[in-house]
Amino acid sequence: MNTMTPGSTRTDTSAGPVPDPDLDPNLDPNLDPNLDPVPDPDHVAIAPSILYFGTPVVLLSTENEDGTPNLAPMSSAWALGQVIVLGMGAEAQTAHNLRSRPELVINLPAPTQWPAVEQLAPLTGRTPVPDHKQGVFRFERDKFAAAGLRPEPSELVRPPRVAECPLQLEARAARIQPDASGGFLIVEAHVLKVHADPRIVVPGSQHVDPARWSPLIYNFRHYYGLGPELGHSFRTQTPR
């Protein structure tokens with residue numbers, strides 16, 4: 001039973017004091033008012049089918065055997081210096097291409113471009129469609145056209161860039177190896193050249209302006225952009 005007195009917190013006799021969003025300006029009004037903002041030490045054990053807890057979406061352009069481009073969305077990408085580590089299905093067309101032709105472009109779309117990413121999601125460049133993708137994915141030869149995107153020639157690699165993406169990283173796969181499960185590949189790609197929309201670059205510098213750039217985030221199979229800045233690292237070169 002909840003009891004309430006003016007100027008106090010609402011009290012649940014079974015769970016202890018619960019913050020009142022009307023009295024606590026630091027409490028997010030979108031949160032459940034009965035949810036304590038301080039994490040409860042008693043967590044519950046769950047078994048989620050996926051662990052996509054929020055990572056950037058990239059569009060990988062690679063070259064098919066016949067010289068045509070393949071374009072594939074993926075959300076397992078992170079950076080170590082000038083190396084981008086990518087995770088992908090071992091039987092994907094992108095993996096097939098990189099084993100023989102290691103050049104690629106890592107294109108980073110903006111949040112507003114999520115519909116184009118989703119247009120690519122059910123497509124595959126493999127024909128015939130692999131057994132594990134039957135009934136869910138369909139073969140598409142021209143993925144750029146299917147997503148309404150425009151290929152743009154690269155300068156150092158053969159696969160094209162995605163013209164509409166604000167960041168485009170020309171790269172070359174330096175190491176390809178299976179993951180621990182055997183069902184995926186881990187690709188380490190050296191970035192050779194970075195192309196950036198000038199609107200997201202700090203004027204007169206080589207830095208991306210974090211206030212003007214937001215990656216598209218894949219969060220448990222939902223698309224998000226970044227929210228307002230919360231703070232910055234002590235190592236930032238673009239302080240505010």
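Me: Which elements each supply at least two residues of the lining of the largest pocket?
Reply: Rolling a probe the size of a water molecule over the atoms shows where empty space is left. Here, the contributors are β4 (53-56), β6 (69-74), β7 (77-80), β8 (83-89), α1 (93-100), α2 (114-120), β10 (123-124) and β15 (184-196). β8 gives the largest share, 5 residues. Helices (H or I, at least four residues) and strands (E, at least two) are DSSP runs, numbered from the N terminus. A pocket is an open set of points on a 1 Å grid over the protein atoms alone, where a 1.4 Å probe fits, with protein on both sides within 12 Å along at least five of seven lines; lining residues have an atom within 4 Å of a point.
Reply: This is a predicted model, with pLDDT of at least 70 needed for local features and 80 or more for side-chain atom pairs, while totals for chains, interfaces and linings use all residues. Residues are numbered from 1 along each chain as its sequence is written, and side-chain values use heavy atoms, without hydrogens and water.

Me: How many residues line the largest pocket, and which lie nearest its centre?
Reply: There are 44, with Tyr 52, Pro 73, Met 74, Ser 75 and Gly 89 nearest the centre. The volume is about 1300 Å³, counted as the space filled by probe spheres set on the joined points.

Me: Where does β4 sit in its sheet?
Reply: The open sheet has 3 strands in the order β4-β16-β17, paired antiparallel. β4 and β17 (222-224) are at the edges, each with a single partner strand, so one side of each has no neighbour in the sheet. β4 and β16 (residues 217-219) are joined by 3 bridges; strands pair if DSSP finds at least two. Pro 56 has Ile 217 of β16 as its bridge partner.

Me: Which aromatic pair does Tyr 52 form, tilted or stacked?
Reply: A pair of aromatic rings is described by the distance of the centres and the angle of the planes. Rings of Phe, Tyr and Trp (its six-membered ring) pair with centres within 6.5 Å; under 30 degrees is stacked, over 60 edge-to-face, the rest tilted. Tyr 52 and Tyr 218 are tilted, at 5.7 Å and 50°. They are 166 residues apart in the chain.

Me: Is Tyr 218 buried or exposed?
Reply: Tyr 218 is buried, at 17% relative accessible area. Buried means under 20%, exposed over 50%, partly exposed in between (1.4 Å probe, protein chains only). Tyr 52 is partly exposed at 30%.

Me: Which rings join Tyr 52 and Tyr 218 in a cluster?
Reply: Trp 114 and Tyr 223 do.
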